[in-house]
Amino acid sequence: MSALTALYIGLYYVAAIILIGGLAYRIYEYAKTPAPLNIPTTPAPTTAMGVRFRMFREVAFFESLFKSNKWIWLFGYLFHVGLALVLLRHVRYFVAEPGVLITFIQPFGKYASLAMVAGLAGLWARRFLVDRVRYISTPSDHLMLALLIAIGLSGMAMTFVAHTDIVQLKAFALGLVTFDWQPLPGDGALLVHLFLVALLMIIFPISKLLHVPGVFFSPTRNQVDNPRERRHLAPWAAALDKDNG
Amino acid sequence: MAAPQFEVPKLSDTAYTAVPKVQEGSMAHMKAFVAGKGPQEFLGYPHELGEDWQERVIDRMGLALKKYRSLRVFMDACVHCGACTDKCHYFLGTGDPNNMPVARQELMRKVYRRYFTLPGKIAPWLVGAEDLTKDTLDQWFNYYHQCSECRRCSVYCPYGIDTAEITMAGREILNYAGYGQKYSNEILGKVQKIGNNLGLPGPALEDTLAGLEEDIEMDTGVAVKMPLDVQGAEILFVTPSADFFSEPHVESLIGYAKVFHAAGASWTMSSHASEAGNFGLFNGNYEQMRKIAMRIRDAALELGVKRIIVGECGHAWRVAYAFWNTLTGIGYGGNDPFSIELQKQLDPRYKQPTHICEYTWDLIQQGVLKFDKSLNDHRTITFHDSCNVARGSRMGDEPGGQFTIPRNIIKAVANNFHDMAEETIGESTFCCGGGGGVLTDDLMEVRVKGALPRMNAYNAVAQEKGVNFLALICAICKAQFTKVVPYYGFDMSQVGGVHQLVSTAIKLEQD
């Protein structure tokens, strides 16, 4: 095994551990922090089923963002849907026999990368063109967009410009999953692409990418509007009742 | 009205308020009066920063992050997308970028990142993390008192980030740093010492109510009562204390009394709980909010009432509707001894607590109340959805009942009604500009400028539809608009309550 292959194998195991462990820890933190008061943004659903539907609309269609700003919605939606399709397309590298769905979306996933990068470019342009968004942008906001666009472009270079050794790459990826390590093709675009993806995985649990688990724990979106019918009580708040109950 | 010390924004030609260019620092001079030793000590806070203030601020912040999931998640989840940047009435009215919800949050987030996150500890310049300095603390004080906690931003945030939660936490931390706001903290003292926010003692309240009874009887020839501390009454009615003394608030109080009279209800107010408002909400202090709400529980248990009804007040209704059950056991579904004690006393046929608009609308639907709508014909009415009612509570059984029920009442008692522009009502409603602890003269510039989006929408229906009455269901909205509409060229008599309209049109039978 070459030093390069060994390096990337190590990198990906570290990245995977940080991503999974870090996210698990964050989710644990969010879950164990109590929400002492009923604070859904109303009008809100009055049943748990209604809340699941609200959350589904939020996650699948970005409902609140659509209400808010059509440009951000358009660019954000292009990026996220594009990314979802691209990720699904990549599943073929990690399973020996891709199923019907994964096979079906291959061509869509290919062109979805264009939507993804276009959406990112639109979001980035807003950081320069809209004075309000320029004011709130930090260096890390710009770098995050640069990172995602670089991942997209390096991936697209392999799809649309110069193909990498796809058979060998699949062997490498499958090898990572099955601990049966195989050599990595030493292609420049691929190395850049894989390095940046690993970097993204590593910073995920310590960056604003935490909006992904965060939205599910947002009390203004995930609470049922039923405070007159149900008594919501956090453990630290219940202790107060005992003092002067 | 004294000549303003600042430029009053110009009304636009349409209902729409144009998004201003960013004007950095344009409201940096705006600082609320700082609370003195008396109110701070009464509430258990220090009254000066002291040498270890930084440590205490960071400790308090860590504690808040452990106690409130909202704060914990909201500190992490923001991606700076900009969706909220043009949604705050204070930004629209001032152009100060720190009044954009995300930037207001960022004042806290930059400290959070520096002290509580890995990237902020190792590369603060990269992620917008900053040391906690006295300048930052001053920014917190200034800009967390230029937020009315109206939650409009939370409607539009893709993650539901509610700046109100961050403002509340910010004020709470400031309080523990010894840097409280005079207006809110003095009121928090008065309500706990005397029983209401105005500091109105029991005997004065009794006199006022007796005087109002005489006035109504002179006006209508009907002996409408305003009972106080009646043991064994069926209904405990709790209303903001402004209703007892302020104009136009008192007109609504007369309206409630007439409704109870016409319904033949057995009701009482309480001198112990002579305040529905709860400024504990504004400071994000759970314990204080609970203490203030407990007065209502105590009064309900002592008087032995079966129902609790709340008068026209926005934040009071949010606390009552959404938090009373949690704080005091007023509601249902409790299975602990504390909540069962009260819940077994309350009549399960009714929602607890009930909003006065729910109560009145029920009676209208049952045909119990009769009106002469033509008595309101000199008015062409629009309705302002109060922020806390619109986005923090509900009326009736269906989501959105808080929008339809007050409008249904207005339409049942008056002939001329027009809504303001769609994007300024319902869940998109603009705050009056005076909510959340901002209703003080030392913040008049914030209040006037923050009212701009509402004033533009009101001006549009005034011009196009001849609207001359802004109907409200909130004591703060009433006080704020009465003071602020003259800056925009309207007469303060155009401001009033929904139950003021009810009072005008209701037919009372002679005894």
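This text goes through selected parts of a two-chain model, from the contact between the chains to single residues.

The structure is a predicted model, in which local features need pLDDT of at least 70 and side-chain atom pairs count only at pLDDT 80 or more, while totals for chains, interfaces and linings use all residues. Residues are numbered from 1 along each chain as its sequence is written, and chains are lettered from A in the order in which they are written.

Begin with the two chains together. In chain B, 65 residues are in contact with 60 residues of chain A; contact means that the C-beta atoms of two residues, placed from the backbone, lie within 7 Å. On the chain B side, helix α3 (residues 69-77) gives the most, with 6 residues. Helices are DSSP runs of H or I with at least four residues, strands are runs of E with at least two, and both are numbered from the N terminus. This side of chain B consists of 29 nonpolar, 19 polar and 17 charged residues. Here Ala, Val, Leu, Ile, Met, Phe, Trp, Tyr, Cys and Pro count as nonpolar, Asp, Glu, Lys and Arg as charged, and the others, Gly among them, as polar.

The phi of His80(B) is positive, near 60°, although the residue is not a glycine. His80(B) counts as buried because 22 C-beta neighbours lie inside 10 Å. The cut-offs are 20 or more other C-beta atoms within 10 Å for buried, 12 or fewer for exposed, and partly exposed in between, with C-beta atoms placed from the backbone. Arg151(B), in the loop between α8 (134-144) and α9 (152-156), is another non-glycine residue with a positive phi, about 75°. Arg151(B) is buried because 27 other C-beta atoms are within 10 Å.

Further along chain B, helix α15 covers residues 286-303. A bend of about 25° occurs in α15(B) at Ala293(B); the bend is the angle between axes fitted to the seven residues ending there and the seven starting there. Among the buried residues of α15(B) are Tyr286(B), Ala293(B) and Leu303(B). Just after this helix, Gly304(B) has a positive phi of about 70°.

Cis peptide bonds come next. In chain A, one joins Thr42(A) and Pro43(A), with omega about 0°, and Pro43(A) sits in the loop between α1 (3-32) and α2 (48-61). In chain B, the bond from Gln352(B) to Pro353(B) is cis, with omega near -10°.

Definitions and conventions: Expected span 1.5 Å × (residues − 1).
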